[in-house]
Amino acid sequence: MNARQSDVVDTEKSKTVVKGDQLAPRDAIFVYDETDHHPSNIVAAYVFDATGTEPVDAEAAVGWIRARLGLAPLFQRRLRRIGPELDLPYWVPDPEFDIAEHVVLSPAGADWDTVRRRLSEIAAARMDLTRPPWQLHLFDRVRAVPGVSGQATVVVLKFHHSACDGVATRELELELFGGGHAPPAPVDTRWSARTATLRAAVLFPYRLARFATGLAHTRAAAAVVRERVEAGVLHEPLPTRPATRFNHATGPGLVVDQAILPLGDVMAVRDRCEERVTVNDVMLTVVSGALAAYLDEQGETPPESLAAMVPMSMRGVAQWGSANQLCQMSVDLHTGEADPRARLSAIRESVRRERQRNSDPAVLRCSARVETSPAWLLRLAGRARSHRSYTGVTSVPLNNTTISNVPPLGAGLSFRGAPLLRVFGVLPIFDGDGLRHLVSSQGDELVITFSVDPAMMPDTGRYRALLLRSFRELVAALG
C-alpha cells in the first residue's frame, strides 16, 4: 500500500510472502495514543444496489474477502510490542489467523436507523491488536437508506489507523471493489521476538545518540521557522481556541448522521467564485456556518472564531517512510463572519496559509523530530495526552472540531455484482473533540457524515438541517 509496507516481496518462485516489518514512528503514535476514549480507527462504509442480486450469507462474505487477502499485508499481520517499549512495535505474520473472526454478518433486512446505530458502535470500539487490525461488517437487504430506492447492501471496512491512512485505504478499496483478486499469501514465520529484543538492546545507544542529534537539528529548524514567521512569510495558527460544548470529555455513546448534497451544485458553487477555491474550501465554509448557527441557537456563541483540524496529505510534498502520510492543519473557520461569501474567502486564505506552512522545508525539518524519537518517549507522550483533562476548560489547544475530506473512489466498482452507490466514512470521537466531520463524494452526490456525543448534541436532525441551510445560504450569497 505504500513504501513502508513493501514487505510483500517476490520470492525466487515469484510467489508473494508476508514478512515482519517494524512500524514507523508516525504509525506507532496511533498505537501509543489509543485509549477507550481515543480509539484509532478508520471506518469506511459502502452502499451497493442490492436489486437483482443474490442474498449474502456468511459463507459468501468470507469467501469474498478470502479471495482478496493477498491484496494487502495488513490482512494477515498482527502487532507485537518489544518489552517495555524498548523499540517500536512490529507487524508480524499471524500463523493463527482465522478469517471468520474478522467477518461480521448482521441479520438481513435491517432498516437504515439500525445500521446507523451499528456504525456508531463499530466506530467507537477499539480494535484487538493481538489479531490482524481489520474487520468486515456486512448488512444485506437494508431498507430505507436515504436517497436509495429499493434495498441496499452496506459493506463496512474497519482498519486500525497505525496500518494505513485514508488515502491508502482508498487505494486498497479500488482493488477490493474493482475486481482485484489475490489469494492469501504464504507467511514467513521466522520473525523472532527474542531476536527483535536483542537487536533493540544493541541499537539502544545508537538511537539515543540519533535522538540527541535530531533534537539539535529540530532546534535549528525551529529558529528558521521563527525567523520566517517574524518576516511574515509563514503564519502560525492561534495556539488556543475558546472551548465549546463539543470540547469536553466524551461519554460512552456516539451518534452518526449525514447531510447529502448534490455534487453538481457543490461544483457550481466552486466554479462561481472569482477566486480559485476547492470543494474542501466550500465544505469548510458550510460546516463553519452550521456550527456557528447551532451554537448560537443554544445561546453559546463563542467570543472568538473556532478552528478545525483538517488532515493534509503529504504525498508529493515530503518523503515519509510511513503508512500514515498526513499532517494536521489547523484552519480558522471564521465562525464570527456572518456573510457566507466573505467567510468562504477568509477560509480559503486560512487553508492556503496552512498548506504553505506545512509544506515549508523548515517546518518539515521540525516535524521530522518524531522520526528519531525513541519508542519509550513516544509512549510517554501518548500517556500524557491521554491524561489531559477537559473538565471545566474554557479554551482548547488549536482546534474545536475535525473536518476531513477523502477523494472519491471512481466508477465501475461493485460488490458481488451489486454496483456502488455511495461511499462515506465514520470518525470516532475523542475527549476534547466530540463533533467530527468526514466529507466524501461518489457519483452525483456529496455526503457530510458527522459523529457526535449525543449528550453534546441530542438533536442531530437539527444540525443536519443547519448544514443544508448553510449550503443554501452560500449558494444565495454567490448569486
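Over the ring of which residue does the charged end of Arg-26 sit?

**View 1. Arg-26 sits over Trp-320.** The model shown here is predicted. In this close-up, the charged end of Arg-26 lies over the ring of Trp-320. The distance to the ring centre is 3.6 Å. That falls within the 6 Å limit for a charge over a ring.

**View 2. Phe-97 and Trp-134 form a tilted aromatic pair.** The count of aromatic pairs comes to 12. In the pair of Phe-97 and Trp-134, the ring centres are 6.4 Å apart. The planes make an angle of 50 degrees, and the pair is tilted. Phe-97 belongs to the loop between β6 (87–93) and β7 (103–105). Trp-134 belongs to strand β8 (residues 134–142). Trp-134 has 0% relative accessibility and counts as buried, because buried means under 20%.

View 3. Trp-112 lies in helix α3 (residues 112–124). Phe-424 lies in strand β17 (residues 418–426). These parts are 312 residues apart in sequence, so the pair ties helix to strand across that separation. Both partners are buried. Trp-112 has 6% relative accessibility, and Phe-424 has 1%.

**View 4. Ring pairs link five residues into a cluster.** The members are Tyr-46, Phe-48, Trp-64, Phe-177 and Phe-415. Ring pairs make the links between them.

**View 5. Strand β6 is mostly covered.** Seven of the seven residues in β6 are buried. Two strands that pair with β6 are shown, β3 and β5. Strand β3 (residues 21–22) runs antiparallel to β6 and pairs with β6 over two bridges. Here Gln-22 stands opposite Tyr-90 of β6.

**View 6. β5 and β6 form a hairpin.** Strand β5 (residues 77–82) pairs with β6 over five bridges. The sense is antiparallel. Ile-82 stands opposite Asp-87 in β6. Four residues separate the two strands of the hairpin. Which residue in the turn has a positive phi? Gly-83 does, with a phi of about 55 degrees.

Methods: Residues are numbered from 1 along each chain as its sequence is written. This is a predicted model: local features need pLDDT of at least 70, side-chain atom pairs count only at pLDDT 80 or more; totals for chains, interfaces and linings use all residues. Side-chain values use heavy atoms; hydrogens and water are left out. Rings of Phe, Tyr and Trp (its six-membered ring) pair if their centres lie within 6.5 Å; planes under 30 degrees apart count as stacked, over 60 as edge-to-face and the rest as tilted. Buried means under 20% relative accessible area, exposed over 50%, partly exposed in between (1.4 Å probe, protein chains only). A charge sits over a ring if NZ of Lys or CZ of Arg is within 6 Å of the ring centre and within 35 degrees of the ring normal. Two strands pair if DSSP finds at least two bridges between them.
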